[in-house]
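Subject: Structure for your review

Dear colleague,

Please find below the structure that I am handing over to you. My notes on its salt bridges follow it.

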Amino acid sequence: MAHFGAPDISLDARDLSVAIVAASWHTQIMDGLVAGAQRAAEEAGAQTTLIRVPGSFELPVAAARLVPHFDAVVALGVVIRGGTPHFDYVCQAATDGLNRVAIDSRTPVGFGVLTCDTEEQGLDRAGLEGSREDKGHEAMTAALATAQVLADYPLTQA
């Protein structure tokens, strides 16, 4: 969800449990993203479990392992552009992998992976004091809202 024009979503997620799977690189940004996601869950009444993985590349495999045990998963990470194509590969792998997990499992996966050109861009989106945006909060809100909508449509055998 983009900051401008974002919907006002009211949630009562007391019956939902969510895994937050978070990368470990860029500690200050990640701490802000995790805090925002946890705050959104607390505001909605959802229960959370936090799992840390080394980096954003590892988010999809962790999310895939966790989805059978939770109503939703929120994936948080940050990749900052460097001087090599590594940025492009990691961003694409994380995005495609998390999308695949969501579609294959039919479980909401909140996408909170920041793909930034600079550290300042990450800090501005991390939900820290002075940040313009709180992408961790937004990712959790999106996952919980989707889980609530889908709760009326139980999974059936494909």
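In this predicted model, a search of the whole structure finds 10 salt bridges. Side chains of opposite charge can pair when their charged atoms come close. A few of the pairs are described here.

One of the salt bridges joins the side chains of Arg 81 and Asp 88, with a distance of 3.7 Å from N to O. This pair counts as a salt bridge because its distance falls within 4 Å. Asp 88 is partly exposed, at 41% relative accessibility. Arg 81 is also partly exposed, and its relative accessible area is 40%.

Which residues pair with Lys 135 in salt bridges? One partner is Glu 133, where the closest N and O atoms are 3.0 Å apart. Another is Glu 138, with the closest N and O atoms 3.1 Å apart. Glu 138 and Lys 135 both belong to helix 5, which covers residues 135–150. Because they are 3 residues apart in this helix, about one helical turn separates them.

Yours sincerely,
A colleague

Note on methods
Residues are numbered from 1 along each chain as its sequence is written. This is a predicted model: local features need pLDDT of at least 70, side-chain atom pairs count only at pLDDT 80 or more; totals for chains, interfaces and linings use all residues. Side-chain values use heavy atoms; hydrogens and water are left out. Buried means under 20% relative accessible area, exposed over 50%, partly exposed in between (1.4 Å probe, protein chains only). Helices (H or I, at least four residues) and strands (E, at least two) are DSSP runs, numbered from the N terminus.
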